[in-house]
Amino acid sequence: MDEQDFRASLSQEELERRAFIIPFKVCDFTLLERLNHYSTEFEKTWDELINAALVKFMDDIETVHRLRN
């Protein structure tokens, strides 16, 4: 079973509980420093900050698409 089939076999609740780990490469060291700074400032884990940033980024993309149409 590939990843897409596996995810399709799970409910939304099961997916959220599993919290997939997705490794990524930090291309700019200053980004890592900022992440560490804001993690301390907001008392959030890196995971929480990265997820919040991704949600905001995806929302912004959807807004741009809606404005174009």
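Trainee: Isoleucine 61: how does it count by relative accessibility?
Mentor: This is a predicted model. In it, isoleucine 61 has 32% relative accessibility, so it counts as partly exposed. The cut-offs matter here: buried is under 20%, exposed is over 50%, and partly exposed lies in between.

Trainee: Where is the place of isoleucine 61?
Mentor: In helix α4, which covers residues 46-68.

Trainee: Which residues form a nonpolar patch on the surface?
Mentor: Leu54, Phe57, Met58 and Ile61. Together they have about 360 Å² of accessible area.

Trainee: Switching to pockets. How much space lies in the largest pocket?
Mentor: About 450 Å³.

Trainee: And which residues line the largest pocket?
Mentor: Among them are Phe20, Ile21, Ile22, Phe24, Leu32 and Trp46. Leu54 is also in that lining, and Leu54 belongs to the surface patch as well.

Trainee: What is the lining of the largest pocket by class?
Mentor: Ten nonpolar residues, one polar and one charged. Asp47 and Asn51 are both in the lining.

Trainee: Which helix gives the most to the lining of the largest pocket?
Mentor: α4, with five residues.

Trainee: OK, the second largest pocket. How much space lies there?
Mentor: About 350 Å³. It is lined by 14 residues, and the closest to its centre are Leu31, Leu35, Leu49, Ile50 and Ala53.

Trainee: Which elements give two or more residues to the lining of the second largest pocket?
Mentor: α3 (29-42) and α4. The largest share is from α4, at six residues.

Trainee: And its lining by class?
Mentor: Twelve nonpolar, no polar and two charged residues.

Trainee: New topic. How many salt bridges are in the whole structure?
Mentor: The search finds two.

Trainee: Which residue does glutamate 13 form a salt bridge with?
Mentor: Arginine 17, with the closest N and O atoms 3.8 Å apart. Both lie in helix α2 (residues 12-18), four residues apart, about one turn of the helix.

Definitions and conventions:
Residues are numbered from 1 along each chain as its sequence is written. This is a predicted model: local features need pLDDT of at least 70, side-chain atom pairs count only at pLDDT 80 or more; totals for chains, interfaces and linings use all residues. Side-chain values use heavy atoms; hydrogens and water are left out. Patches are made of residues with over 30% relative accessible area and no salt bridge: like charges are joined within 9 Å, nonpolar side chains (Val, Leu, Ile, Met, Phe, Trp, Tyr) within 5 Å. Accessible areas come from the Shrake-Rupley method with a 1.4 Å probe; for residues, only the protein chains shown count as cover. A salt bridge is a side-chain nitrogen of Lys or Arg within 4 Å of a carboxyl oxygen of Asp or Glu. Buried means under 20% relative accessible area, exposed over 50%, partly exposed in between (1.4 Å probe, protein chains only). On a 1 Å grid over the protein atoms alone, a cavity is a set of points where a 1.4 Å probe fits but cannot get out, and a pocket is an open set with protein on both sides within 12 Å along at least five of seven lines; lining residues have an atom within 4 Å of a point. Grid points are joined across faces, edges and corners, and a volume is the space filled by probe spheres set on the points. Ala, Val, Leu, Ile, Met, Phe, Trp, Tyr, Cys and Pro count as nonpolar, Asp, Glu, Lys and Arg as charged, and the others, Gly among them, as polar.
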